[in-house]
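Biologist: Before we discuss any assignments, could you show me the model, so that I can ask what stands behind each term you use?

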Amino acid sequence: MIHVTGVDEVTDETFDAEVLGETRPVLVEFTADWCGPCRQLAPVLGAVADEERERLRVVQIDVDRNPGISARYGVLSMPTLMVFRAGEPVKSMVGARPKRRLLQELEDVL
């Protein structure tokens with residue numbers, strides 16, 4: 001998996017506690033090693049995680065090593081970005097995007 005500074009990795013085993021139990025909104029990137037657009041998105045996620053750390057937690061989950069969570073939320077394309085708030089998915093986006101666009105898309109859930 002593409003590791004990004006400031007972005008924690010979650011697994012099928014830790015997802016419920018780390019994401020659904022978090023008090024802040026959580027942006028989850030569903031990613032895979034073979035995903036080119038995921039590599040493009042990595043520096044964007046790192047920047048968003050750093051800039052918005054007070055309002056938003058950013059995590060990644062490797063879909064190949066953690067198929068349970070991917071199946072639970074019907075994730076079929078990488079990268080898929082899902083925002084969870086109060087234990088529920090409230091927004092889903094597919095594909096890489098520049099930081100400015102991602103921040104605009106997140107405004108309504110922060």
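This is a predicted model: local features need pLDDT of at least 70, side-chain atom pairs count only at pLDDT 80 or more; totals for chains, interfaces and linings use all residues.

Biologist: What makes S2 and S3 a pair of strands, and in which sense do they run, parallel or antiparallel?

Modeller: Two strands pair if DSSP finds at least two bridges between them. Strand S2, residues 26-31, and S3 are joined over six bridges, in the parallel sense, and therefore they count as paired. Within this pairing, Thr31 stands opposite Asp62 in S3. The chain passes from S2 through helix H2, residues 36-51, to S3, and this β-α-β crossover is right-handed.

Biologist: How many bridges link S1 with S3?

Modeller: Strand S1, residues 8-9, and S3 pair in the parallel sense over two bridges, and because the criterion is at least two bridges, this pairing meets it. Glu9 has Gln60 as its bridge partner in S3.

Biologist: Why is Thr31 called buried?

Modeller: Buried means under 20% relative accessible area; Thr31 has a relative accessible area of 0%, so the term applies. Thr31 is found in strand S2, and, leaving aside neighbours within four places in sequence, Thr31 is in contact with residues including Met1, Ile2, Cys38, Ile61 and Met78.

Biologist: How do you know that Leu81 counts as buried?

Modeller: The same cut-off of under 20% applies, and because Leu81 has 0% relative accessibility, Leu81 counts as buried. Leu81 lies in strand S4, and among the residues that Leu81 touches, not counting those up to four places away in sequence, are Leu27, Val28, Leu41, Leu45, Met93 and Leu102.

Biologist: What separates Leu81 from Leu27, in sequence and in space?

Modeller: Leu81 and Leu27 are 54 residues apart in sequence, whereas their C-alpha atoms are 6.6 Å apart in space.

Biologist: Which strand pairs with S4, and what lies between the two?

Modeller: Strand S4, residues 80-85, pairs with strand S5, residues 88-94, in the antiparallel sense over six bridges, and Thr80 has Val94 as its bridge partner in S5. S4 and S5 form a hairpin with two residues between them, and Ala86 in the turn has a positive phi of about 55°.

Key:
Residues are numbered from 1 along each chain as its sequence is written. Side-chain values use heavy atoms; hydrogens and water are left out. Helices (H or I, at least four residues) and strands (E, at least two) are DSSP runs, numbered from the N terminus. A crossover is right-handed if, with the strands pointing away from the viewer, the path from the first strand over the helix to the second runs clockwise. Buried means under 20% relative accessible area, exposed over 50%, partly exposed in between (1.4 Å probe, protein chains only). Contact means heavy atoms within 4.5 Å.
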